[in-house]
Amino acid sequence: MKKSRTLILVSLSIFLIFILSIGAFSFSAKNPQEKANELQFDNIMKKVSSFFKSNKDKLEINKGDVIAEVNGIPIYKNEFELRKGLALASGVQADNIDDYVLQKLIKEKVQEYLASKYNIRVSESEINEYIEKEKKEFNEYPEAKKKLDELINASGMTEDEYWNTYERYNARRILLFNKLYNFIVEEGMKKGELKKVEQMSSGTQNEYKKYFDDVIDKYIKTAKISISDKYKAVFKGF
């Protein structure tokens, strides 16, 4: 069955919204504002492309100053500036965008810390498989592939740079955090704090997500977070 234009845009928006983990807008096949949403999506794509074109060096996320550490895991300036630029391009509204983005990265580093603590890893073969699956899905829907190609070309990236640098960064995070989520939910079931169900409902999904978020929030509160002296004046909320 051929996807509608809206649903194709949904598939493309997933890689922008879920990957960024910051900012949100949605597309619905039943949304009467479909055209407005599509224009909004195209506008964000242009802003994201423009940001990438001027900041390709930020794709090297493990370079630059270490602006903060979370349980010994560094947050590099390049990664912070990449995520900040994408947040602004996607229209995120925040009283203090620097503190907002840093908080998002702190949460991710806490998740990375927990994954390491519980010996949860993502292999290169898993990342490769994930990326190949993404490529296949885009190739199956020409309109979505066209949008992606437009993003890549307007960003001044090659396809290789997109898939093997930017998307590799995203794929690793998505896979690692998903494994951690499943582990924490399973542990909750073993402890009797969550019920195992035969058929998943939206209510159960929400319950599992809240449980996971509560666990992560608990670890954030006890995490050892240090801001580099050079950047303490930037992050006034920490």
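Trainee: Hi! How many helices and strands does the chain have?

Mentor: Hello! This predicted model has eight helices and three strands. From the N terminus on, the order is α-α-β-β-α-α-α-α-α-α-β.

Trainee: And what share of the residues is buried?

Mentor: Of the 238 residues in the chain, 42% are buried.

Trainee: What about contacts between residues at least 6 apart in sequence, how many of those join residues at least 24 apart?

Mentor: That would be 70% of them.

Trainee: Let's look at helix 6. What span should its 14 residues have, and what do the end C-alpha atoms say?

Mentor: Helix 6 covers residues 142-155, and at 1.5 Å a residue it should span 20 Å. Its end C-alpha atoms are 20 Å apart, so the two agree.

Trainee: Which residues of helix 6 are buried?

Mentor: Ala144, Lys145, Lys147, Leu148, Leu151, Ile152 and Ser155. Looking down the axis of helix 6, you find the buried residues within an arc of 160°, so they line one face of the helix.

Trainee: Why do residues three or four places apart point the same way?

Mentor: Because an α-helix has 3.6 residues a turn.

Trainee: Okay, and which exposed residues sit on the face turned away from the buried side?

Mentor: On helix 6, that face carries Pro142, Lys146 and Asn153.

Trainee: What follows helix 6?

Mentor: Gly156 does, and its phi is positive, near 75°.

Trainee: Now to packing. At what angle do helix 6 and helix 7 cross?

Mentor: Roughly 95°, with their axes coming within 9 Å; helix 7 is residues 159-190.

Trainee: Switching topic: how do helix 4 and helix 8 cross?

Mentor: Helix 4 (residues 97-117) and helix 8 (residues 202-222) have axes that come within 10 Å and cross at roughly 95°. Angles of 65 to 115 degrees count as roughly perpendicular, and therefore these two helices are roughly perpendicular to each other.

Trainee: Who makes that contact?

Mentor: From helix 4, Gln103, Lys107, Val110, Gln111, Leu114 and Lys117; from helix 8, Phe212, Asp213, Ile216, Tyr219 and Ile220.

Trainee: And how do they divide by class?

Mentor: The contact of helix 4 with helix 8 has six nonpolar, two polar and three charged residues.

Terms used: Residues numbered from 1 in each chain as written. Predicted model: local features only at pLDDT ≥ 70, side-chain atom pairs only at ≥ 80, totals over all residues. Heavy atoms only, no water. Helix = DSSP H or I, 4+ residues; strand = E, 2+ residues; numbered from the N terminus. Expected span 1.5 Å × (residues − 1). Buried < 20%, exposed > 50% of the residue type's maximum accessible area, 1.4 Å probe, protein only. Arc of directions from axis to C-beta. Axes fitted to C-alpha atoms, helices over the stretch in contact; angles between N-to-C directions. Parallel < 35°, antiparallel > 145°, perpendicular 65-115°, else oblique. Contact = heavy atoms within 4.5 Å. Nonpolar A, V, L, I, M, F, W, Y, C, P; charged D, E, K, R; others polar.
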